[in-house]
Amino acid sequence: MLKIAKEHLRNSKMTYLFHLTHSLQNGWKCLVIFFSSVIHAFFPMFLKQHAARGIVEIYNDMKKHAHLRKMIKQQDKK
């Protein structure tokens with residue numbers, strides 16, 4: 001399992017600490033997006049574009065990473 005983790009970090013070109021903070025930040029952003037979407041579902045007049053903008057922000061950030069660009073290209077082919 002440790003070997004797989006090291007391989008993932010190497011492919012991601014990230015240190016453990018950078019990967020940790022990056023993943024936690026993305027997780028937090030997703031959680032905020034989830035709650036803003038729930039609020040918007042019940043009260044459509046609030047947070048009209050918050051979730052969509054947050055998703056686009058995360059997507060654009062992920063496109064900066066080579067291994068994720070490869071994954072995105074594979075998904076686009078489907």
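**Close-up views of a predicted model**

By the rule used here (a side-chain nitrogen of Lys or Arg within 4 Å of a carboxyl oxygen of Asp or Glu), the count comes to two salt bridges. This is a predicted model, where local features need pLDDT of at least 70, side-chain atom pairs count only at pLDDT 80 or more, and totals for chains, interfaces and linings use all residues. Residues are numbered from 1 along each chain as its sequence is written, and side-chain values use heavy atoms, with hydrogens and water left out.

**View 1. E57 and K29 meet in a salt bridge.** Their N to O distance is 3.4 Å. E57 belongs to helix α3 (residues 50-62) and K29 to helix α2, so the pair ties together parts 28 residues apart in sequence. Helices here are DSSP runs (H or I, at least four residues), numbered from the N terminus. E57 is partly exposed at 47% relative accessible area, and K29 is partly exposed at 27% (buried is under 20%, exposed over 50%, partly exposed in between; 1.4 Å probe, protein chains only).

**View 2. K64 forms a salt bridge with D61.** Here the closest N and O atoms are 3.9 Å apart. K64 is exposed, with a relative accessible area of 62%.

**View 3. N26 sits in helix α2.** N26 is buried, at 8% relative accessible area. Setting aside neighbours within four places in sequence, N26 is in contact (heavy atoms within 4.5 Å) with I58, D61 and M62.

**View 4. T15 lies in the loop between α1 (2-12) and α2 (16-42).** T15 counts as exposed, at 52% relative accessibility. A polar atom of the T15 side chain lies 3.1 Å from the backbone nitrogen of F18.

Key:
Helices (H or I, at least four residues) and strands (E, at least two) are DSSP runs, numbered from the N terminus. A polar contact is a pair of N or O atoms within 3.5 Å; within protein, one must be able to donate a hydrogen and the other to accept it, and residues adjacent in sequence count only if both atoms are side-chain atoms.
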